[in-house]
Amino acid sequence: MKYTMLTILFLMMIGCSSQKEMQNNELIYYGKTACLGKCPVFDLYIYKDGKVVYRGIKNVEKKGKFIATISKLKLEEIKKEVLKLDLNDNSNTKSVRDLPNTIIKVSERKLKFQNLTKIEGLDKLLKNIILNI
């Protein structure tokens, strides 16, 4: 019984961790983590073909999974903002306990932010996409 429970727990951990891995056709992952208060928690995946998958988890207006498509023009805007990101910048790894993290994954590179000034343009674009889903 003990080994059965350990096996199930292990399989669940593998399943959950692989969900947020980058897909081949994925352009960007954008997500917010929980804090000690009422911070929004969600995942947003944007694919190279314009497909958008949003999953509202906690403290968000839209809970659940939503799928939409964005225009090629909007996709190009996002690509331009992504190019402005310094993918080698590791200065964003320190965390303050009660602040939510904004996580952006591009090309298998994970960036974590608590201060959004470095990604203000991209953050604004992605929030606007969520509003229009």
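Okay, so let's start with Lys48: skipping anything within four places of it in sequence, its contacts are Asn24, Asn25, Glu26, Leu27 and Leu75. Bear in mind that this is a predicted model. Lys48 sits in the loop that links S2 and S3. Buried or exposed, or something in between? Its relative accessible area is 48%, so Lys48 counts as partly exposed. There's also Lys72, 24 residues away in sequence, with a C-alpha to C-alpha distance of 9.3 Å from Lys48.

Which residues of H3 are buried? Those are Leu122, Asp123, Leu125, Leu126, Ile129 and Ile130. They're on the same side of H3, because they take up an arc of only 165° around the axis. Remember, residues three or four places apart in an α-helix point the same way, because there are 3.6 residues a turn. On the face turned away from that buried side, H3 has Lys124 and Leu131, which are exposed. As for what covers the buried residues, that includes strands S1, S2, S3 and S5, plus helix H2.

Which element gives the largest share of its lining? That's H3, with 3 residues. The lining includes Lys127, Ile130 and Leu131, along with others such as Phe42, Tyr54 and Glu61. By type, the lining splits into 6 nonpolar, 4 charged and 1 polar.

Definitions and conventions. Residues numbered from 1 in each chain as written. Predicted model: local features only at pLDDT ≥ 70, side-chain atom pairs only at ≥ 80, totals over all residues. Heavy atoms only, no water. Buried < 20%, exposed > 50% of the residue type's maximum accessible area, 1.4 Å probe, protein only. Helix = DSSP H or I, 4+ residues; strand = E, 2+ residues; numbered from the N terminus. Arc of directions from axis to C-beta. Contact = heavy atoms within 4.5 Å. 1 Å grid on protein atoms, 1.4 Å probe; cavity = no way out; pocket = protein on both sides within 12 Å on 5 of 7 lines; lining within 4 Å. Nonpolar A, V, L, I, M, F, W, Y, C, P; charged D, E, K, R; others polar.
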